[in-house]
Amino acid sequence: MKYLVLIGDGMADFPLEELGGRTPVEAAATPAMDDIARSGITGLFNPIPDGLPPGSDIGNLSLFGYDPRQTFSGRAPIEAARQGILLAENEVAFRCNLVTLGDGVMKSFTSGHITSEEASQLIAALNENLSDLPVKFHSGVSYRHLAIVSAPNGSVESLATVTCTPPHDISEKPYEPHLPKGDASDLVRNMMERSRAILNGHPVNEARLANGKPAATSIWLWGQGRTPRMNSYKERFGLTGAVISAVDLVKGIGVCAGLEIIDVPGATGYLDTNYEGKVQAGLDAIDRLDFAYIHLEAPDETAHEGKTDLKIQAIEDFDRRVVAPCLEYARKRGDVRVLVAPDHITAISTRTHAGGPVPFAMCGPGIEPCGANAYSEKDAAATGIHITEGHELLPRMMQ
């Protein structure tokens, strides 16, 4: 048996008054996901264990079949693993967003979805001008980057436990109350403060402003941690596999799990991503491996923007351009099980993540229909199927 896992990041949501009490999934046209729910089983699962912060790091660990309570050590070290960065004993990895601050508010946690090419020039400027500090910046994709910080005077534990707020949690909100706090927070705050003078007036930002785009006015450090300890997929499940995503976090989980990482040209993590390229990469992987994990970020990003119409578009694009061709391929082969799910709720109403149960659907050889009519939060709840430990969903698919 082969396994194809399709993730619409942040796809789940709460009922919205503007949609007549429906969620975006319920309002979207999703014939392919509905087909999976009708021909297989659908239900609810909890990707975010109680007591852990809701986010793609925790949610995707669960979806890969790992218990986050045992494996999670921070978001940034997972992304560092993707970039082949091995942390020394005294080093802590921080996620480094390029953000737009203005009038005391987090105007954009993505700097208006700055391009990777623009961002790499800004990261180079930070490395050049902050060389007196114990930090090395590494370029990522768009606004998502890394800062590897050496803890001074053996204070690695204090640095790893600084209280940091994800910038997407404070969109259009005052940022001052959410600046880093804790014993080693002065160093982190200093990096963030000094970045503003370096970015201000940089040619990249001048050009963006001239073209009516937001400037990257500051870095924002968060999601820190040290290298996680995880068994490989071969050890855990006896499987080979591949990961296809635009997001270094998801690729980093794949690296830690010993899976092949497939980079797809034009994969952006937004509505303009290369859907067809990602699908082809996943199907090619299934031809030669046991498992493929195709991750789409756009539903999450559009929900963070608070744009209901764009979130519905992202869900419909995911269904039509990813789920439909993958389902068709799986049925032609006859030996592939397909799972579709989000990794957490990303609520339009709050523009950020939330814990709680989310819907999954799976079909394929040996999976008997459960009698569901469609794929949605409501339909999943109606089946009475609820997997409370989210990391048990994937092993259930493999049973």
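Biologist: Which residues does F318 touch, not counting residues up to four places away in sequence?
Modeller: The model is predicted. F318 belongs to the largest nonpolar core, where L4, L6 and F318 touch the most other members. Leaving out residues up to four places away in sequence, the residues F318 touches are L6, I7, G8, M11, M33, Y275, L296, V323 and V340.

Biologist: Which residue in β14 does G43 stand opposite?
Modeller: β2 and β14 run antiparallel and are joined by five bridges. The residue of β14 opposite G43 is F360.

Biologist: What covers the buried residues of α2?
Modeller: In α2, residues 31-39, the buried residues are A32, M33, D34, I36 and A37. M33 is also among the residues touched by F318. The cover over the buried residues of α2 includes β2, α14, β11 and β14.

Biologist: At what angle do the axes of α6 and α9 cross?
Modeller: E118, Q121 and L122 in α6 meet V204, N205 and R208 in α9. By class, this contact has two nonpolar, two polar and two charged residues. The two axes come within 9 Å, and their crossing angle is roughly 140°.

Methods: Residues are numbered from 1 along each chain as its sequence is written. This is a predicted model: local features need pLDDT of at least 70, side-chain atom pairs count only at pLDDT 80 or more; totals for chains, interfaces and linings use all residues. Side-chain values use heavy atoms; hydrogens and water are left out. A nonpolar core is a set of buried Ala, Val, Leu, Ile, Met, Phe, Trp, Tyr and Cys residues joined through side-chain atoms within 4.5 Å. Buried means under 20% relative accessible area, exposed over 50%, partly exposed in between (1.4 Å probe, protein chains only). Contact means heavy atoms within 4.5 Å. Axes are lines fitted to C-alpha atoms, for helices over the stretch in contact, and angles run from 0 to 180 degrees between N-to-C directions. Helices (H or I, at least four residues) and strands (E, at least two) are DSSP runs, numbered from the N terminus. Ala, Val, Leu, Ile, Met, Phe, Trp, Tyr, Cys and Pro count as nonpolar, Asp, Glu, Lys and Arg as charged, and the others, Gly among them, as polar. Two strands pair if DSSP finds at least two bridges between them.
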